[in-house]
Amino acid sequence: MNYRRSKHTSCVLSNGNVLVVGGLGDCGSLNIPEVYDASSDTWTIGPKMAQDRYYRTVDYLPDGFGTIVVIGGTSDSSCLESTEIYRS
C-alpha cells in the first residue's frame, strides 16, 4: 500500500484485484484509490477521486462492465451527498 489509511472501503473487482477507496491518512481524508494485484503482490495508485472521503459505501452496478459506485461519506470539512464511478 502506498498510503497508510483507516476508515477506508475495499471490494474485489471482476478481475480478482482489490480496490481500496478513500479513508483517513496521515494528513486527513484521502481521494487516492489503490488497487492490489494479488498475483504480483503489488499496489497501483488509481485515478484520483473528485472528492476525498471516508465512512462511505461502495456498491457494484449490474451493468456487466465491473462498474463500482462510491456513495456519500464524510470529508475533512462536511458530510457528502455526491457519488463517484470507478470502472475496473
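The model is predicted, so local features need pLDDT of at least 70 and side-chain atom pairs count only at pLDDT 80 or more, while totals for chains, interfaces and linings use all residues. Residues are numbered from 1 along each chain as its sequence is written, and side-chain values use heavy atoms, with hydrogens and water left out. The protein chain has 0 helices and 9 strands; helices (H or I, at least four residues) and strands (E, at least two) are DSSP runs, numbered from the N terminus.

**Overall shape and surface**

- Along the sequence, the protein chain reads β-β-β-β-β-β-β-β-β.
- The protein chain has a radius of gyration of 12 Å, which agrees with the value near 12 Å for a compact globule of 88 residues; this radius is taken over C-alpha atoms, and the globule rule is 2.2 Å times the number of residues to the power 0.38.
- The C-alpha trace spans about 35 × 30 × 15 Å along its principal axes.
- The accessible surface comes to about 5,100 Å², and 52% of it belongs to carbon and sulfur atoms; such areas come from the Shrake-Rupley method with a 1.4 Å probe, and for residues only the protein chains shown count as cover.
- Buried residues make up 40% of the 88 residues, where buried means under 20% relative accessible area, exposed over 50%, and partly exposed in between (1.4 Å probe, protein chains only).
- Of the contacts between residues at least 6 apart in sequence, 34% join residues at least 24 apart; a contact means heavy atoms within 4.5 Å.

**Strands and how they pair**

- An open sheet is formed by 3 strands in the order 7-8-9, with antiparallel pairing; two strands pair if DSSP finds at least two bridges between them.
- Strand 7 (57-60) and strand 9 (83-87) are the edge strands of this sheet, each pairing on one side only.
- Strand 8 (residues 67-71) pairs with strand 9 in the antiparallel sense over 5 bridges, and Ile71 has Thr83 in strand 9 as its bridge partner.
- Elsewhere, strand 2 and strand 5 (residues 34-37) run antiparallel and are joined by 3 bridges, with Leu19 partnered by Val35 in strand 5.
- Strand 5 is also joined to strand 6 (residues 42-45) by 4 bridges, again antiparallel, and Asp37 is partnered by Thr42 in strand 6.
- Strands 5 and 6 form a hairpin with 4 residues between them, and Asp41 in the turn has a positive phi of about 55°.

**The nonpolar core**

- The largest nonpolar core has 10 residues, among them Cys11, Leu19, Val35, Ile68 and Tyr86; such a core is a set of buried Ala, Val, Leu, Ile, Met, Phe, Trp, Tyr and Cys residues joined through side-chain atoms within 4.5 Å.
- Strand 2 and strand 8 each supply at least two residues of this core.
- Beyond its neighbours within four places in sequence, Ile68 is in contact with residues including Cys11, Leu13, Leu19, Val58 and Tyr86.

**Two buried loop residues**

- Asn17 sits in the loop between strand 1 (9-12) and strand 2 (18-21) and counts as buried because its relative accessible area is 14%.
- Not counting residues up to four places away in sequence, Asn17 touches Cys11, Val12, Val35, Tyr36, Asp37 and Ala38.
- Gly66 lies in the loop between strand 7 and strand 8 and is buried, with 18% relative accessibility.
- Gly66 touches Ser14, Tyr86, Arg87 and Ser88, leaving aside residues up to four places away in sequence.
- Gly66 and Asn15 are 51 residues apart in sequence, and their C-alpha atoms are 8.7 Å apart in space.
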